[in-house]
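Here's a walk through one chain and how its pieces sit against each other. Have the viewer open and follow along.

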Amino acid sequence: MEVEAELPDDFRCPISMEVMTDPVILSSGHTFDRASIQRWLDSGNRTCPLTNLPLPPSPSLIPNHALRSLISNFLSLRPAAAVTDDAFLLARLSFPSDTPSLAAVLRLAQHGGHAARRLLADSGATSVLLRHAAAPDCPDLQELSLRALLHLSLDGDDARVGLVAEGALDPLVAALRGGSGSSALAATLLTSLAVVEVNKATIGAHPAAIPRLAALLLEGGGRERREAATALYELCKFAENRRRTIRAGAVPPLLRLVSEGSERAVRVLGLLAKCREGKEEMRKLSGFVRVLAEVVRAGSPRAIEHALLVLNLVCSDSKVMAVEATEEGVLDLCSILSGDVNLKTSKNAMELALILEKGRFTLVTWFSSKGDLDLATKKLSGGPLKFYSLLLNKANFFLWTAAAERNTQNQAEKRNAQIHNMSFKCLH
C-alpha cells in the first residue's frame, strides 16, 4: 500500500516498529505505543528503551492525544481506490489462504484505522483468521492470523467481546500448543480479550485455557512464560479463576519465574494468595519464603510492593511461615521499607512487621509459660533456626520480668497480711 511507504517514522512505535494505535509519553519524553511500553515495564525494566536512562519506580504513561489525532487523520486520507482494493481483497479471502493474502489482511488491521478494522470484522474475515490460528501445520500462516486478530482485539471492548462470541477461544487454546512464536501470540491475545470483565469468566470457564497457560509457564521459553504470566494476571482478577489456576499447578512454575526476576509473576502470586487454596499451595513449596525474601531485598519497587503483600497473606495465619520469614531477615527489611516513599509498600511493610513481631512474642510467651529458663535457653540455642538464637535475649528478659512481678506480688500480699493482723489486734 502506498500509504504505508509514505508513513512518517514518528507514527511508528520505537519498540514494535508498528503504527501506534494508542501513543503514550514516557517520563523520558519519548512516545511509545501503550501495549509495547507496558510489556517493557511489566518485564521489570525501569529504563527508557531509547535512551537507557533510569525511570521512576512507577513510571506514568501520559496519552499523546495530538499524535494520535495526527495518525488518525493521516490514515483517514487514504484514497478511495485503496478502500475498494481492501473490499475486493476481503471478498476473495477464504480458507485455506496464502501468505500474501494474510499479510495484506495484517497490514489492513495494523494500519487501516478503525474503519478498516470494522470492515474486516463485518466481512467475515475473522472466521478465516481463526481457522488459520488453530492450524499448527502452517506456522507462518498461523502467526500472521494471530497478529491480525490481536490488532482487531485492540479496537475496543466491543471487538473483544465479539471475538469471543465468534468462537476465538478454541483456536487460541489450540495455538497455545504451537511453536514459540504462535503460543506467545496466543497468550498475548488472551490477555487482550481478558481485559473485558465478562470475557474473564468465559475464558476461565473454558476447560483447557488456564491449564494450557499453566503448562506454558512450565514448558515455554522466556517470552512464552512471560506472556502466559501476563495472561494469568489478567484472568486472576476474577476470583474463581484463581482457584482454577491453582488446580492447574501454576504456583511452582510461577515461583521459578519469580526467582528469575519476573515482576509479573510476583503480582500473579499476590492474586493467588488471596484465596485459601493459594496460601496452602504456597506453604507446601520448599524455599517459597526465601525466594520472596530475595525479591524484597533486591527486586524492583513494584515487585517489592507485591512480594510484601504475598508474605503478608501467607504469614498471617501460619506461625511456621512467619518464623521462616524472620529467619530470612524479612523483619529487618520491613523496618527499612516502612518508610518507603511508595505508600503501598510502606503499608505492606508495616503490616508484615506486625505479623512477624506477633509471631516472635507468641514464641517467647510459650517459653515463659513453661517457667523454666533452662528449657527456654536450650530451645532457643539448640533449635534448628537462627530465629531462636535471636530471641534468646528477649526470652531471658521476659522471664526475668515475670519473676520480678511475681516476687513483688508476693511481698505485697505479705504486707497486706501484716496490716490486717495489726488492725485486728487494735480492735480487740
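## The whole chain

First off, this is a predicted model. The chain runs to 428 residues, and 46% of them are buried.

Strand β1, covering residues 23-25, pairs with β3 in the antiparallel sense through two bridges. Zoom in on Ile25 and you'll find that its bridge partner in β3 is Ile62. As background, strands in a sheet pair through backbone hydrogen bonds, and they can do that in a parallel or an antiparallel way.

Asn52 has a phi near 65°, which is a positive value in a residue other than glycine. Is Asn52 buried or exposed? With a relative accessible area of 57%, Asn52 is over the 50% cut-off and therefore exposed.

## Helices α5 and α6

Now go to helix α5 (residues 99-111) and helix α6 (residues 113-123), whose axes come within 7 Å and cross at roughly 135°. That angle makes α5 and α6 oblique to each other. On the α5 side, the contact is made by Val105, Leu108, Ala109, Gln110 and His111. The α6 side supplies Gly113, Ala116, Arg117 and Leu120. Sorted by class, the contact of α5 with α6 has five nonpolar, three polar and one charged residues.

Leu108, in helix α5, counts as buried at 0% relative accessibility. Leu108 and Leu119 sit 11 residues apart in sequence, with 9.6 Å between their C-alpha atoms.

## Helices α13 and α14

The next pair is helix α13 (residues 209-219) and helix α14 (residues 222-235). Their axes come within 8 Å and cross at roughly 145°, and the crossing of α13 and α14 is left-handed. From α13, the residues in the contact are Ile210, Leu213, Leu216 and Leu217. From α14, they are Glu224, Arg225, Ala228, Ala229, Ala231, Leu232 and Leu235. What does the contact of α13 with α14 have by class? There are nine nonpolar, no polar and two charged residues.

## Residues that reach along the chain

Pro253 lies in helix α16, residues 251-259. At 5% relative accessibility, Pro253 counts as buried. Setting aside residues up to four places away in sequence, Pro253 touches Ala214, Leu217 and Leu218.

Leu141 belongs to helix α8, residues 139-153. Its relative accessibility is 9%, so Leu141 counts as buried too. Which residues is Leu141 in contact with, leaving aside its neighbours within four places in sequence? They are Ser97, Asp98, Thr99, Leu102 and His132.

| Pair | Apart in sequence | C-alpha to C-alpha |
|---|---|---|
| Pro253 and Leu216 | 37 residues | 9.3 Å |
| Leu141 and Asp98 | 43 residues | 7.2 Å |
| Leu108 and Leu119 | 11 residues | 9.6 Å |

## One more helix

Last stop is helix α21 (residues 319-327). Its buried residues are Met321, Ala322, Val323, Ala325 and Thr326. After α21 comes Gly329, where phi is positive, near 85°.

Technical notes
Residues are numbered from 1 along each chain as its sequence is written. This is a predicted model: local features need pLDDT of at least 70, side-chain atom pairs count only at pLDDT 80 or more; totals for chains, interfaces and linings use all residues. Side-chain values use heavy atoms; hydrogens and water are left out. Two strands pair if DSSP finds at least two bridges between them. Helices (H or I, at least four residues) and strands (E, at least two) are DSSP runs, numbered from the N terminus. Axes are lines fitted to C-alpha atoms, for helices over the stretch in contact, and angles run from 0 to 180 degrees between N-to-C directions. A crossing is left-handed if the near helix is turned anticlockwise from the far one by less than a right angle, and right-handed if clockwise. Contact means heavy atoms within 4.5 Å. Ala, Val, Leu, Ile, Met, Phe, Trp, Tyr, Cys and Pro count as nonpolar, Asp, Glu, Lys and Arg as charged, and the others, Gly among them, as polar. Buried means under 20% relative accessible area, exposed over 50%, partly exposed in between (1.4 Å probe, protein chains only). Angles under 35 degrees count as roughly parallel, over 145 as roughly antiparallel, 65 to 115 as roughly perpendicular and the rest as oblique.
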